[in-house]
Amino acid sequence: MAKSRKTKKTDKDTEKMINPSTGTAGSPVDVPETTTEESIEKTVKSKLTALYRLQSIDFQIDRLRSVRGELPLEVQDLEDEIAGLETRVEKFNSEIQELETEISNKKIAAQESLELIKKYEAQQMNVRNNREYDSLSKEIEYQTLEAQLAEKKMKEFAAEAEAKRELLKDLDEELAERQKNLEEKVAELNDIVAETEKDEAVLLKKSEEQRARIEERLLTAYQRIRDNARNGLAVVPVERDACGGCFNKIPPQRHLDIRLHKKIIVCEYCGRILVDDEIMNSVQDV
Ligand SMILES: [Zn+2]
């Protein structure tokens with residue numbers, strides 16, 4: 001009994017040290033003045049570290065979601081391409097069909113001409129005079145030309161249909177290849193979605209746990225900055241004397257203040273929370 005009470009007291013002490021600003025007025029990033037210099041530094045440092053760690057986790061979640069977001073677009077592109085190929089295949093098929101109809105029409109026409117020629121030739125055996133004979137000769141000549149023309153057209157249409165069949169074969173191959181690609185892409189997408197969802201769940205849990213370690217007001221400020229920042233970063237390092245978020249110059253005095261960890265300092269241009277290398281290096285992996 002006594003032992004557990006003792007443990008509880010220790011926890012409370014620790015909490016007090018890390019988070020002494022509960023209930024104090026002022027900006028969410030203020031630290032009360034009652035604390036000693038050393039403990040202020042320690043408190044601000046631990047707050048910034050906790051916040052930067054949270055951001056590293058949240059950033060990974062963002063990245064997973066963006067990876068997942070691009071994949072359906074690739075699938076969509078393939079689906080569009082396949083739909084386009086299918087339309088072309090359909091068009092070729094109906095054109096070939098039309099040519100086949102034309103060919104059989106010409107075949108019938110040629111047949112009819114040949115039959116007429118036979119009929120006229122038979123009639124020529126029974127003519128009564130030269131005029132009738134000549135007239136039938138003219139008809140035979142005409143039908144011979146008609147039959148030749150029909151044969152010629154038949155050959156042209158057949159060549160055209162054959163060329164289209166060749167193209168259709170290529171098109172069918174391309175279509176089959178794309179469909180195979182699509183199947184693979186969809187399978188890959190499903191795998192990645194399953195994988196990233198698993199990773200995301202782990203990270204979301206980590207994020208929740210990390211959030212529980214940060215005071216409410218600081219968390220609200222973090223979320224607000226993050227929501228407004230285009231790159232989703234609320235806590236940024238100072239890089240080459242400039243804000244790592246908006247790249248505006250940071251005055252030397254401000255830079256020094258950031259390094260001293262006496263209070264949480266935000267960029268006067270973009271409002272992002274600024275951290276130095278020491279904070280960044282303390283958060284290696286999440
Ligand atoms: Zn800035």
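Modeller: Begin with burial: a residue is buried if 20 or more other C-beta atoms lie within 10 Å of its own, exposed if 12 or fewer, and partly exposed in between, with C-beta atoms placed from the backbone. Phe247 has 13 C-beta neighbours inside 10 Å and therefore counts as partly exposed. This is a predicted model, in which local features need pLDDT of at least 70 and side-chain atom pairs count only at pLDDT 80 or more, while totals for chains, interfaces and linings use all residues. Residues are numbered from 1 along each chain as its sequence is written.

Colleague: What percentage of the residues in the chain is buried?

Modeller: Buried residues account for 16% of the 286 residues.

Colleague: How many helices and strands does the chain have?

Modeller: Helices (H or I, at least four residues) and strands (E, at least two) are DSSP runs, numbered from the N terminus. Here there are six helices and three strands, and along the sequence they follow the pattern α-α-α-α-β-β-α-β-α.

Colleague: How is the span of helix 3 to be read?

Modeller: The expected span of a helix is 1.5 Å times one less than its number of residues. Helix 3, residues 130-212, has 83 residues and reaches 118 Å from its first C-alpha to its last, close to the expected 123 Å.

Colleague: Which residues of helix 3 are buried, and against what do they pack?

Modeller: Gln143, Ala147, Ala150, Leu203 and Ser207 are the buried residues of helix 3; their packing partner is helix 2 (37-124).

Colleague: How do the axes of helix 2 and helix 3 cross?

Modeller: Axes are lines fitted to C-alpha atoms, for helices over the stretch in contact, and angles run from 0 to 180 degrees between N-to-C directions. Angles under 35 degrees count as roughly parallel, over 145 as roughly antiparallel, 65 to 115 as roughly perpendicular and the rest as oblique. The axes of helix 2 and helix 3 come within 4 Å and cross at roughly 165°, so the two helices are roughly antiparallel to each other.

Colleague: What does Tyr52 touch?

Modeller: Two residues are in contact if their C-beta atoms, placed from the backbone, lie within 7 Å. Tyr52, found in helix 2, touches Val235, Val275, Ile279, Met280 and Val283, not counting residues up to four places away in sequence. Tyr52 is buried because it has 20 C-beta neighbours inside 10 Å. The C-alpha atoms of Tyr52 and Ala234 are separated by 8.7 Å, although these residues are 182 apart along the chain.

Colleague: In what order do the strands form the sheet?

Modeller: Two strands pair if DSSP finds at least two bridges between them. The three strands form an open sheet of mixed pairing in the order 2-1-3. Strand 2 and strand 3 are the edge strands, each pairing on one side only. Strand 1 (residues 235-239) pairs with strand 3 (residues 273-275) in the parallel sense over three bridges; Val235 stands opposite Ile273, and Pro237 has Val275 as its bridge partner. Strand 1 and strand 2 (residues 242-243) run antiparallel, joined by two bridges, with Glu239 opposite Ala242.

Colleague: Which residues have a positive phi?

Modeller: Among them is Arg240, near 45°, in the hairpin of strand 1 and strand 2, which has two residues between the strands. Asp241, which is not a glycine, has a positive phi of about 60° and lies in the loop between strand 1 and strand 2. With 11 C-beta neighbours inside 10 Å, Asp241 counts as exposed. Phe247, also other than glycine, has phi near 65°; its place is the loop between strand 2 and helix 5 (252-260).
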